Amino acid sequence: MRLRRKYAIVLSVVALISMAFTQGTEPTAEEIIKKMEAKLTSPQMTAQMKITTIRPKKTKTMEVKVWQKGTTNSMTLILSPERDKGTVYLKKGSEMWNYLPNINKTVKLPMSILSQGFMGSDISGEEVMNGSALSKDFTHKKLGKDTISGKACYKIESKPKPGSSILWSKVESWVDVKDYLSMKTKIYDEDGKLLSTITSSEVKMLGGKMIPTKITIVPSGKTGYSTIVQYISMDVTTAIRDDFFTVDNMKKVK
């Protein structure tokens, strides 16, 4: 009886030590990026956003509605301003199209256009249409910790995997240690030059997800230039059929 009690005590101590080590284990860079993306993305999503493009002498605002399924299918409809209303972009796998309602014509676009500013803004088509995923297309390295807007953050460096079609040389991400929210991102071009800095704010519940609802993009070296993206609504529960993402459907979405 005394021997069994001894074994029980030893096993309890071993379990406590194991728990202590488990709780103290820091997540890997890959785990941090995957948790961050899980906060931002869903298997399918319908969202409405306001995009404000600020320039030294003018400010332009547009509203868009985006349907996404995974990282390969996306449909984006321009709701305003009036002159662009009804314009649609479709990304399906590795192909992309643009429907122009004024001339009732659909044209195929090169995928390279995703790296350019969306409708004259500082946010790329890649970012609007969720065309790439850090966890899928990049390798990651932890660079330590930093503080952003009063929140302790992991700092992660991500570089494209060899052979990928990514046009960036690297991405630096600051990820909230507690909630795994992306608080800041720096994107570098193929030559290693800083392209833009993205900061997140106004964290709140939207569509059942706690996310930053305001994202500010500031291009490097352009005084007075910035773009603000604000989420108006989000739905991650309504199913989207695969056959929604077709060229024929571009004229029908609303």
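This report describes selected side-chain contacts, surface features and backbone features of a predicted model.

Local features are reported at pLDDT of at least 70 and side-chain atom pairs only at pLDDT 80 or more, while totals for chains, interfaces and linings use all residues. Residues are numbered from 1 along each chain as its sequence is written, and side-chain values use heavy atoms, without hydrogens and water.

**Salt bridges**

The structure holds 10 salt bridges, a salt bridge being a side-chain nitrogen of Lys or Arg within 4 Å of a carboxyl oxygen of Asp or Glu. Side chains of opposite charge can pair when their charged atoms come close.

| Pair | Closest N and O atoms |
|---|---|
| Lysine 145 and glutamate 26 | 3.5 Å |
| Glutamate 157 and lysine 141 | 3.9 Å |
| Aspartate 243 and arginine 241 | 2.6 Å |

Helices (H or I, at least four residues) and strands (E, at least two) are DSSP runs, numbered from the N terminus. Residues are classed as buried under 20% relative accessible area, exposed over 50%, and partly exposed in between (1.4 Å probe, protein chains only). On this scale lysine 145 is exposed at 54%, and glutamate 26 is partly exposed at 40%.

The salt bridge between glutamate 157 and lysine 141 links strand S8 with strand S7, its two residues lying 16 residues apart. Glutamate 157 is buried, with 12% relative accessibility, whereas lysine 141 is partly exposed at 47%. In the pair of aspartate 243 and arginine 241, the aspartate is partly exposed at 43% and arginine 241 is exposed at 59%. Through shared partners, salt bridges join Lys141, Glu157, Lys170 and Glu172 into one network.

**Aromatic rings**

A pair of aromatic rings is described by the distance of the centres and the angle of the planes. Rings of Phe, Tyr and Trp (its six-membered ring) pair if their centres lie within 6.5 Å; planes under 30 degrees apart count as stacked, over 60 as edge-to-face and the rest as tilted. The count by this rule is 3 aromatic pairs. Tyrosine 154 and tyrosine 180 form a stacked pair, because their ring centres are 6.3 Å apart and their planes are at 25°. This pair links distant parts of the chain, with tyrosine 154 in strand S8 (residues 151-160) and tyrosine 180, 26 residues apart from it, in the loop between strand S9 (170-176) and strand S10 (182-188). Tyrosine 154 is buried at 3% relative accessibility, and tyrosine 180 is buried at 14%.

Phenylalanine 244 and phenylalanine 245 are edge-to-face, because their ring centres are 5.2 Å apart with the planes at 85°. Phenylalanine 244 is buried at 17% and phenylalanine 245 at 0%. Together with Trp67, Phe244 and Phe245 form one aromatic cluster.

A charge sits over a ring if NZ of Lys or CZ of Arg is within 6 Å of the ring centre and within 35 degrees of the ring normal. The charged end of lysine 170 is placed in this way over tyrosine 188, 4.7 Å from the ring centre. For lysine 184, the ring is that of tryptophan 174, with its centre 4.8 Å away.

**Tyrosine 231**

Tyrosine 231 lies in strand S13 (residues 226-235) and is partly exposed, with 22% relative accessibility. Contact means heavy atoms within 4.5 Å. Apart from neighbours within four places in sequence, the contacts of tyrosine 231 include Ala47, Gln48, Met49 and Pro212.

**Backbone features**

Most residues other than glycine have a negative phi, and most peptide bonds are trans. Serine 80 and proline 81 are joined by a cis peptide bond with omega of about 10°; proline 81 is in the loop between strand S3 (73-80) and strand S4 (88-92). Asparagine 104, not a glycine, has a positive phi of about 50° and is located in the loop between strand S5 (95-100) and strand S6 (105-109). Glutamate 202 also has a positive phi of about 50°, and lies in strand S11.
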